[in-house]
Amino acid sequence: MQPTIGQIVHYTLGQQDANEINRRRTHRVTRTGNDAQGGDVYPAMIVRIFGDTPESAVNLQVFLDGSDSHWATSRTLGDGQFHWAWPERV
């Protein structure tokens with residue numbers, strides 16, 4: 001499948017992502033969501049594509065468990081942390 005702008009995918013946070021999210025949340029007056037951890041999977045929308053192959057890197061707007069979001073840039077299709085994947089078909 002070819003990634004296109006607006007598609008919803010699953011993104012697996014890396015520990016660096018989680019650290020950034022939690023740091024940003026601690027500096028707010030009100031807590032915005034549950035703690036993030038490396039390995040957590042969240043829905044994300046593809047907002048930019050770099051290339052025209054299924055393996056092209058994409059920028060993602062990740063929808064977190066709270067009132068904020070996370071910007072994940074230049075991520076590739078794959079398994080594990082720092083990668084996105086197509087949702088399972090049910």
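1. Trp 86 has a relative accessibility of 24% and therefore counts as partly exposed; buried means under 20% relative accessible area, exposed over 50%, and partly exposed in between, with a 1.4 Å probe and protein chains only. The model is predicted, so local features need pLDDT of at least 70 and side-chain atom pairs count only at pLDDT 80 or more, while totals for chains, interfaces and linings use all residues. Residues are numbered from 1 along each chain as its sequence is written, and side-chain values use heavy atoms, with hydrogens and water left out.

2. The partner is Trp 84: the ring centres are 5.0 Å apart and the planes stand at 90°, so the pair is edge-to-face. The rule pairs rings of Phe, Tyr and Trp (its six-membered ring) if their centres lie within 6.5 Å; planes under 30 degrees apart count as stacked, over 60 as edge-to-face and the rest as tilted. Trp 84 has a relative accessible area of 0% and is buried, whereas Trp 86 is partly exposed.

3. Trp 84 is also part of the largest nonpolar core, which has 15 residues. A nonpolar core is a set of buried Ala, Val, Leu, Ile, Met, Phe, Trp, Tyr and Cys residues joined through side-chain atoms within 4.5 Å. The members that touch the most others are Val 9, Tyr 11, Leu 13, Ala 44, Leu 60, Val 62 and Trp 84. Two or more residues come from each of strand E1 (8-12), helix H1 (15-26), strand E2 (41-50) and strand E3 (57-63). Helices (H or I, at least four residues) and strands (E, at least two) are DSSP runs, numbered from the N terminus.

4. Ala 44, one of those core residues, lies in strand E2 and is buried, with a relative accessibility of 0%. Leaving aside residues up to four places away in sequence, Ala 44 touches Gln 7, Ile 8, Val 9, Tyr 11, Leu 60, Gln 61, Val 62 and Phe 63; contact means heavy atoms within 4.5 Å. The C-alpha atom of Ala 44 is separated by 9.2 Å from that of Ser 69, which is 25 residues apart along the chain.

5. Leu 13 is likewise among the core residues that touch the most other members. With residues up to four places away in sequence not counted, the contacts of Leu 13 include Ile 21, Ala 36, Asp 40, Tyr 42, His 70 and Phe 82.

6. Four salt bridges are found in a search of the whole structure. A salt bridge is a side-chain nitrogen of Lys or Arg within 4 Å of a carboxyl oxygen of Asp or Glu. One of them joins the side chains of Asp 17 and Arg 75 at 3.0 Å, N to O. This pair links distant parts of the chain, with Asp 17 in helix H1 and Arg 75 in strand E4, 58 residues apart. Asp 17 and Arg 75 are both buried.

7. Asp 68 takes part in a salt bridge with Arg 24 (3.9 Å, N to O). Arg 24 lies in helix H1 and Asp 68 in the loop between E3 and E4, so this pair ties together parts that are 44 residues apart in sequence. Arg 24 is partly exposed at 22% relative accessibility, while Asp 68 is buried at 10%. Asp 68 also meets Arg 25 in a salt bridge (2.8 Å, N to O). That pair again links distant parts of the chain, since Arg 25 lies in helix H1 and Asp 68 in the loop between E3 and E4, 43 residues apart. Both Asp 68 and Arg 25 are buried. Glu 20, Arg 24, Arg 25 and Asp 68 are linked in a network of salt bridges.

8. Ile 8, Met 45, Val 47, Phe 63 and Trp 71 make a nonpolar surface patch of about 410 Å². Patches are made of residues with over 30% relative accessible area and no salt bridge: like charges are joined within 9 Å, and nonpolar side chains (Val, Leu, Ile, Met, Phe, Trp, Tyr) within 5 Å. Accessible areas come from the Shrake-Rupley method with a 1.4 Å probe; for residues, only the protein chains shown count as cover. Trp 71 is in strand E4 and is partly exposed, at 46% relative accessibility.

9. Most residues other than glycine have a negative phi. Ser 74, in strand E4 (residues 69-77), has a positive phi near 55°; Ser 74 is partly exposed at 48% relative accessibility. Phe 82, in the loop between E4 and strand E5 (83-85), has a positive phi of about 70°. At 30% relative accessibility, Phe 82 is partly exposed.
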